[in-house]
Amino acid sequence: MNNNGVTGTLDTLIIGGGQAGLALGHYLKEQNRTFLILDAHPRTGDAWRQRWDSLRVFTPAKYDGLPGMPFPADPLSFPSKDDVAGYLEGYAAKFDLPVLNSVRIEHLWRDGNRFVAASNGRRWEAHNVVVATGCSQAPKIPDFAAELDPAVVQFHSSEYRNLGQLQEGPVLVVGLGNSGAEIGLEVSRTHPTIVAGKPGGEIPVKHGRAAARYFLPVVRFVGLHVLTLSNPIGRKAAPAFTAHAAPLIRTKSKDLAAAGVRRVPRIAGVENGLPVLADGTRLEVSNVIWCTGFRDDFGWMDPVMLDGGALPRQRRGVALDTPGLFFLGQEFMYAAVSATLPGASRDARYLAGRIPVVSALSESVRAAT
C-alpha cells in the first residue's frame, strides 16, 4: 500500500473530479473496476462553487443529472452554480466513488506498460489514464493586459464573483460570449458598462421555462445527435464552434442595450495604460473584466503523449497513438455538448465501454481519509 491508501497498480486513474470524471466513475464502479478519481479542488463541486455568485446553468434541471441520479429540482428550473456543486458532491457520496481531493497532478508519464502520475511527492500507477480536467483549465488573457495602468482593476471572468470586487468608475467587459453578456448585464446595474466584442449568434427565443419545455429539448437533441463528429454536418461545424463564442442564450444584445450597456468592437491593445480600439479610440475605464475564455493546459503531461503540446490525435476520447490514454469533457470531444452535463454523461458511457479491463475487484479502490 502506498501513502494514499491505494494497493498496487490501478486499473484506471481518472484525473479530474468534475461531472465528467464522476460520471465515468459511476460506470466503472458498475463494472467493478479498480479506479481512483483525483480532484485538484479541496471539495467535490468546487469548480462550480468558485464561479460568479449569480451564475445559473442554461440547461433545465431535467437534463442536468448524471447517470443513476436525477437532479433534485423542478425539472423546468435552471439550477444555480451552488446547486450544481452540491449535486456533484452528493453524487460522489451516494455512489461512494473513490475521490481523492486536493491533488493537482504535476507530471504524467508512461513507464513501460503503465502510466505514472505524480503530485507533491506522491505517485499513482495505472494501466489506463483518463484526463477529465475539462475545457476551463487556464484563463486566456491577451499579453497586452499587462500594460494596463496599475490603477485599473482587472481580472479574468474566472476570478469574478460579484460587484463588490469593482472600484468606482466605468467597467469594460472584454468578450461577448455568454459569460461576457451575463457579467456585463450584472455590472451595468451599478457601473457605466462597455462590452467589447461580437457575439457568435443568439438563440431565437427567450430563455426560461417555456423554452425549457418546448425549445431546449430540440437544442439538446441537435447538440447530442446532429452536431457530432460522426456525420458531415457536425464535422463541418466543429472548427467554427470551438473557435468562436457560443451563441448568446439567456442575456441577448437587446438586453444589454436596454440596460444602457455600450457596445464597441474588439480591443486592439493598450495605449498610455488604457485599452484602445482598432481605430485608436481610448476607453477611459476603471475596471476591466476579461471574458476571453480559456485555453488547454497539458504542460503537466509528457510531451510524447501530445501532438505538439496540444490534445493528441483521438477519436471520441480514445487516444490513437498512446494505448491506455483517454480524454473526457473537452469541447466538442465528440459532440457540441461534450463539455456540458448531458454530453459528459453520454461520452463517459461510451468511454467506459472502451477502456480495456486489466484488473477487476469486488470494490473500487478507496482513497485514505
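This briefing describes the overall form of one protein model and the surroundings of selected residues. The model is predicted. The protein contains 9 helices and 18 strands, and 51% of its 369 residues count as buried. Its radius of gyration of 22 Å agrees with the value near 21 Å that a compact globule of 369 residues would have.

**Overall form**

- The C-alpha trace of the protein spans about 65 × 45 × 40 Å along its principal axes.
- Among contacts with a separation of 6 or more, 67% are accounted for by residues 24 or more positions apart.
- The accessible surface of the protein amounts to about 16,800 Å², and carbon and sulfur atoms hold 53% of that area.

**Arg49 in helix α2**

- Arg49 belongs to helix α2, which covers residues 46-49.
- Arg49 counts as buried because its relative accessibility is 17%, and the cut-off for burial is under 20%.
- The side chain of Arg49 makes a polar contact of 2.9 Å with the side chain of Glu89.
- The Arg49 side chain also reaches the backbone oxygen of Thr44, at 2.9 Å.
- Apart from neighbours within four places in sequence, Arg49 is in contact with Arg43, Thr44, Lys81, Asp82, Ala85, Gly86 and Glu89.

- Ser54 is placed in the loop between α2 and α3, the latter being residues 81-94.
- With a relative accessibility of 40%, Ser54 counts as partly exposed.
- The side chains of Ser54 and Glu186 are joined by a polar contact of 2.4 Å.
- Ser54 and Lys236 lie 182 residues apart along the chain, and their C-alpha atoms are separated by 35 Å.

**Leu172 in strand β9**

- Leu172 is part of strand β9, residues 171-174.
- The relative accessibility of Leu172 is 0%, so this residue counts as buried.
- Setting aside neighbours within four places in sequence, the contacts of Leu172 are Ile194, Ala196, Ile267, Pro275, Leu283, Val285, Asn287, Val288 and Ile289.
- The C-alpha atom of Leu172 is separated by 36 Å from that of Thr228, a residue 56 positions away along the chain.

**Thr193 in strand β10**

- Thr193 lies in strand β10, which comprises residues 193-196.
- Thr193 counts as buried, since its relative accessibility is 5%.
- The side chain of Thr193 reaches the backbone oxygen of His191 at 2.9 Å.
- A polar atom of the Thr193 side chain is also 3.4 Å from the backbone nitrogen of Ser188.
- Not counting residues up to four places away in sequence, Thr193 touches Val171, Val173, Gly184, Val187, Ser188, Gly260, Val261 and Arg262.
- Two of these partners, Val171 and Val173, fall within the residue range 171-174 of strand β9.

**Ala268 in strand β12**

- Ala268 is located in strand β12, residues 267-271.
- At 35% relative accessibility, Ala268 counts as partly exposed.
- Beyond neighbours within four places in sequence, Ala268 is in contact with Phe144, Val276, Leu277 and Ala278.
- Ala268 and Thr281 are separated by 13 residues in sequence and by 9.8 Å from C-alpha to C-alpha.

**Loop residues with positive phi**

- Asn32 has a positive phi of about 60 degrees, although it is not a glycine.
- The loop that holds Asn32 runs between α1 (19-30) and β2 (35-38).
- Asn32 has a relative accessible area of 36% and is therefore partly exposed.
- Arg316, likewise not a glycine, has a positive phi of about 55 degrees.
- The position of Arg316 is in the loop between β16 (314-315) and β17 (318-319).
- Arg316 counts as partly exposed because its relative accessibility is 22%, with burial requiring a value under 20%.

Definitions and conventions
Residues numbered from 1 in each chain as written. Predicted model: local features only at pLDDT ≥ 70, side-chain atom pairs only at ≥ 80, totals over all residues. Heavy atoms only, no water. Helix = DSSP H or I, 4+ residues; strand = E, 2+ residues; numbered from the N terminus. Buried < 20%, exposed > 50% of the residue type's maximum accessible area, 1.4 Å probe, protein only. Polar contact = N/O pair within 3.5 Å; in protein donor to acceptor, adjacent residues only side chain to side chain. Contact = heavy atoms within 4.5 Å. Rg over C-alpha atoms; globule rule 2.2 N^0.38 Å. Areas by Shrake-Rupley, 256 points an atom, 1.4 Å probe, with all protein chains shown as cover.
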